[in-house]
Amino acid sequence: MSDAHLTERPVDDGPEPVDLTDEPIRLSRRDPALEPERRPASRRRKIALIAALVVGLAGAGALGLGGWRVLAEKDTELTPPATVAGLTRDDSDRARSTADYLRDGFAADIELDRSFGTVYTDPADAKRSVLLFGGTTLLWQPERDLDSLFGLMADETGKVTGLREVDAGRLGGVMKCGTTSGDGGDFAVCGWADHGSVAMGMFPGRSVDDSAALFRQLREGIQRR
């Protein structure tokens, strides 16, 4: 055995020595070149999940708001007073007969819990009497039902032209007005609907704008929740 110092002994022909550098040692066999492509996909998934969550929350909020409206509007009473908006209820036999005819025809087109028909006279002009008819029931889609009633009215009196949405006032829901024709010529017709009631009015001798304003006043005097 040689007594030469170990550090002076020649190195045997064997594996090359490991070169330790400052670069970190990778313990994974994955190709690093694939990593930049994986990360954007992960971000896209996160964005999609966040978007789905936002849409879901928005849908839940809309459903909650719609449910609150149904609960707030479903219990409605319609009671035509003796006087309202400067008009006087006409309780004569002729007026009652007309009101009953309108009420019965209206109730035949839509299933109502309670219905009414009323004629109001204008003390300033007897030719500008207002005919109101409607009723109470639970409506899930008020605007759709109101549009259907305007369509049914067109079958009876003629096409309703210029139909447009107008301000429904503090009671909410939807209100629309247009023009149709009758034996006495053209006249304005308006209707409102919410989740608890639906009604229509005929306004001979008045413009659509004037009729819409008067219809809001009549509704506020008739409807109670």
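1. Helices (H or I, at least four residues) and strands (E, at least two) are DSSP runs numbered from the N terminus, and two strands count as paired if DSSP finds at least two bridges between them.

2. On conventions, residues are numbered from 1 along each chain as its sequence is written, and side-chain values use heavy atoms, with hydrogens and water left out. Because the model is predicted, local features need pLDDT of at least 70 and side-chain atom pairs count only at pLDDT 80 or more, whereas totals for chains, interfaces and linings use all residues.

3. As to the overall content, the protein has 4 helices and 10 strands, which follow one another along the sequence as α-β-β-β-α-β-β-α-β-β-β-β-α-β. Of its 225 residues, 32% are buried, where buried means under 20% relative accessible area, exposed over 50%, and partly exposed in between (1.4 Å probe, protein chains only). The exposed surface comes to about 15,100 Å², of which carbon and sulfur atoms supply 53%; accessible areas come from the Shrake-Rupley method with a 1.4 Å probe, and for residues only the protein chains shown count as cover. Among contacts (heavy atoms within 4.5 Å) between residues at least 6 apart in sequence, 60% join residues at least 24 apart.

4. At one end of the strand order, strand S3 (residues 87-89) is joined to strand S4 (residues 114-122) by 2 bridges, and the two run antiparallel; Thr88 has Thr121 in S4 as its bridge partner. The loop between S2 and S3 holds Ala85, whose phi is near 55 degrees, a positive value in a residue other than glycine. Most residues other than glycine have a negative phi. Ala85 is partly exposed, with a relative accessible area of 32%.

5. Which residues form polar contacts with the side chain of Lys176? Lys176 lies in strand S7 and counts as buried, at 10% relative accessibility. Its side chain makes a polar contact of 3.0 Å with the side chain of Glu143 and another, of 2.9 Å, with the side chain of Asp147. A polar contact is a pair of N or O atoms within 3.5 Å; within protein, one must be able to donate a hydrogen and the other to accept it, and residues adjacent in sequence count only if both atoms are side-chain atoms. Leaving out residues up to four places away in sequence, Lys176 also touches several others, including Leu146, Phe150, Leu163, Val189 and Cys190.

6. Val166 belongs to strand S6 (residues 161-166) and counts as buried, at 16% relative accessibility. Beyond its neighbours within four places in sequence, Val166 is in contact with Met175, Lys176, Cys177 and Ala212. The C-alpha atoms of Val166 and Arg216 are 9.7 Å apart in space, although the two residues are 50 apart in sequence.

7. The whole structure contains 3 aromatic pairs. Phe106 and Phe133 form an edge-to-face pair, 5.5 Å centre to centre with 70 degrees between the planes; this pair links distant parts of the chain, with Phe106 in helix H2 (residues 93-109) and Phe133 in strand S5 (residues 125-136), 27 residues apart. Both Phe106 and Phe133 are buried. Trp192 and Phe215 form a tilted pair, 5.2 Å centre to centre with 45 degrees between the planes, linking strand S8 (residues 185-193) to helix H4 (residues 208-222) across 23 residues of sequence. Trp192 and Phe215 are buried, and ring pairs join Trp192, Phe203 and Phe215 into a cluster. Rings of Phe, Tyr and Trp (its six-membered ring) pair if their centres lie within 6.5 Å, and planes under 30 degrees apart count as stacked, over 60 as edge-to-face and the rest as tilted.
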